[in-house]
Amino acid sequence: MEIENLIEQEMYRRAIDFIPQRYPAGYGGVAIIRMEDGQYLTSVAIETANESVIVCIETGAMAEAHKYNVRVTHCLCVVRDNENSQFKILTPCGVCQERLRFWGTEVKVGVTTPENTLKFVSLNELQPYHWTNAFLTEDLEYFGNPRFLK
């Protein structure tokens, strides 16, 4: 089995092991991020009565990756509706796609498929018409992160 497939399988295993621990009943979801140094980070959505301040499941792990200043290579978000339902893979929302682009367009993300199979694609594949395509590389340099430009 190739290394990419092993990484993706490990991320999925960690997700489905974590959800029942954190959410023994009802809805549950977790994000797993893999960093270039081989570390895995997990996060969950912050639950609050005021839905306007809830953040995406992936946000905590992304903030942690920034803290360690290590490049993110993969991101996976897995949820379930309740303790009796199957796990589902969620494609990162547009906001999280923008956040993940900080580490470059080659970051691989788990995506939703009709068959609910484990599939990863690069942000470049997911966003072939990204807004940055409208600008020259030198015009984007003000973002201050050369990885953003790849």
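**The nonpolar cores and aromatic pairs**

In this predicted model, the largest nonpolar core holds 17 residues, and those that touch the most other members are I33, V72, L100, W103, V107 and V109. Two or more residues of this core come from each of the elements β1, α2, β3 and α3. The greatest contribution is that of α2, which gives three residues. In soluble globular proteins, nonpolar side chains tend to be buried together.

Helix α2 spans residues 59–68, and its buried residues are T59, A61, M62 and A65. These residues lie on the same side of α2, because they cover an arc of only 165 degrees around the axis. An α-helix has 3.6 residues a turn, so residues three or four places apart point the same way. The cover over the buried residues of α2 includes β1 (28–35), β2 (40–43), β3 (72–80) and α3 (94–100). After α2 comes N69, with a positive phi near 55 degrees.

V109, one of the core residues named above, is in contact with C75, P92, L100, K119, F120, V121, L123 and L126, when its neighbours within four places in sequence are left aside.

Aromatic rings form two pairs. In F102 and W103, the ring centres are 5.2 Å apart and the planes stand at 90 degrees, so this pair is edge-to-face. F102 is partly exposed, at 26% relative accessibility, whereas W103 is buried, at 1%. The rings of W131 and F135 are also edge-to-face, because their planes are at 80 degrees, with centres 6.1 Å apart. W131 is partly exposed at 37% relative accessible area, and F135 is partly exposed at 43%.

How values were computed. Residues numbered from 1 in each chain as written. Predicted model: local features only at pLDDT ≥ 70, side-chain atom pairs only at ≥ 80, totals over all residues. Heavy atoms only, no water. Buried < 20%, exposed > 50% of the residue type's maximum accessible area, 1.4 Å probe, protein only. Helix = DSSP H or I, 4+ residues; strand = E, 2+ residues; numbered from the N terminus. Arc of directions from axis to C-beta. Contact = heavy atoms within 4.5 Å. Core = buried A, V, L, I, M, F, W, Y, C linked by side-chain atoms within 4.5 Å. Phe/Tyr/Trp six-rings, centres within 6.5 Å; stacked < 30°, edge-to-face > 60°.
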